[in-house]
Amino acid sequence: MHEYAMAGFPGASGSTDATCIIHSNCFWKHRRAHIGFKTKEEPTKMYTIMINYRHEVLMSTNGTLGSFINKTLVLFDNFMMDIKLGCIFNKHPFELLDKQGDKMVSVKYLGVWILCHNSYHNWSTTLPPSTKTICCKDIVWSEWMELMIKDIGEF
C-alpha cells in the first residue's frame with residue numbers, strides 16, 4: 001500500500017481485474033454457459049485476480065463460468081466482499097483531500113479501496129477512473145489511475 005500512497009493513491013490496496021482462461025476440456029452440455037463475456041467461440045473459465053504494485057498476487061477466485069461479467073464475478077469474490085463489508089483491512093488509516101466550499105480539507109478514513117475498471121459495481125471500496133468529467137484535474141487524475149491499472153495489469 002505504501003507504493004500506491006507514494007503514487008498519489010492513499011488507501012489503495014491493489015488493482016483487480018477479471019481474466020479468462022480457455023477451458024478446452026469443457027463438457028459439451030456445459031459449453032454454452034462457458035461461452036460469452038470475453039470470447040464468443042471457445043469455452044472459458046473466468047477468474048478475478050487482485051495484485052499489488054510489486055506484481056504479487058494478493059488473491060484469486062476459483063474459476064467461474066466464462067459468461068460471467070465483472071459485476072457478477074465480484075459477488076463470488078470473498079476477499080473483495082470482505083473488504084466491502086469491513087471485515088478485513090478496516091483499521092487502515094488514510095487521508096484524502098475534499099473540497100468544502102472554497103477550502104481543501106483533509107478527511108481521515110479507515111479501510112482500503114481497490115483500483116479497478118469501470119465495469120465493477122459503484123462501491124466505496126472499488127474506485128474506477130472517472131469517465132464523465134470536464135475538469136482538467138479530474139482528467140489528469142483519471143489518466144494517471146488508468147496508467148497505474150494498465151501497468152499493474154501487464155504482469
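At the start of H3, which backbone nitrogen does a side-chain oxygen of Asp-77 reach? The nitrogen belongs to Phe-79, and the oxygen of Asp-77 comes to within 3.1 Å of it. The model is a predicted one, in which local features need pLDDT of at least 70 and side-chain atom pairs count only at pLDDT 80 or more, while totals for chains, interfaces and linings use all residues. Residues are numbered from 1 along each chain as its sequence is written, and side-chain values use heavy atoms, with hydrogens and water left out.

The chain contains four helices and eight strands, where helices (H or I, at least four residues) and strands (E, at least two) are DSSP runs numbered from the N terminus. Read from the N terminus on, these elements follow the order α-β-β-β-β-α-α-β-β-β-β-α. Taken along the principal axes, the C-alpha atoms fill a box of roughly 60 × 35 × 25 Å. Of the 155 residues in the chain, 32% are buried; buried means under 20% relative accessible area, exposed over 50%, and partly exposed in between, with a 1.4 Å probe and protein chains only.

Asp-77 itself sits in the loop between helix H2 (70-73) and helix H3 (78-85). A polar atom of its side chain also lies 3.2 Å from the backbone nitrogen of Met-80. Asp-77 is buried yet has no salt bridge, and the nearest side chain of opposite charge, that of Lys-84, is 13 Å away. Here Lys and Arg count as positive and Asp and Glu as negative, whereas His and the chain ends are not counted. Leaving aside residues up to four places away in sequence, Asp-77 touches Thr-48, Met-59 and Thr-61, a contact being heavy atoms within 4.5 Å. Beyond H3 comes Gly-86, whose phi is positive, near 80 degrees.

Side chains of opposite charge can pair when their charged atoms come close. The structure holds two salt bridges, each defined as a side-chain nitrogen of Lys or Arg within 4 Å of a carboxyl oxygen of Asp or Glu. In one of them Arg-54 pairs with Glu-3, with the closest N and O atoms 2.7 Å apart. Because Arg-54 lies in the loop between strand S2 (44-51) and strand S3 (57-60) and Glu-3 in helix H1 (residues 2-6), the pair ties together parts that are 51 residues apart in sequence. Glu-3 counts as partly exposed at 25% relative accessibility, as does Glu-56 at 40%.

Another buried residue is Thr-64, at 15% relative accessibility, which lies in strand S4 (residues 64-65). Not counting residues up to four places away in sequence, Thr-64 touches His-34, Thr-44, Lys-45, Met-46 and Leu-73.

H3, strand S5 (93-100), strand S6 (103-110) and helix H4 (136-153) each supply at least two residues of the lining, and H4 gives the largest share, four residues.

Methods
Polar contact = N/O pair within 3.5 Å; in protein donor to acceptor, adjacent residues only side chain to side chain.
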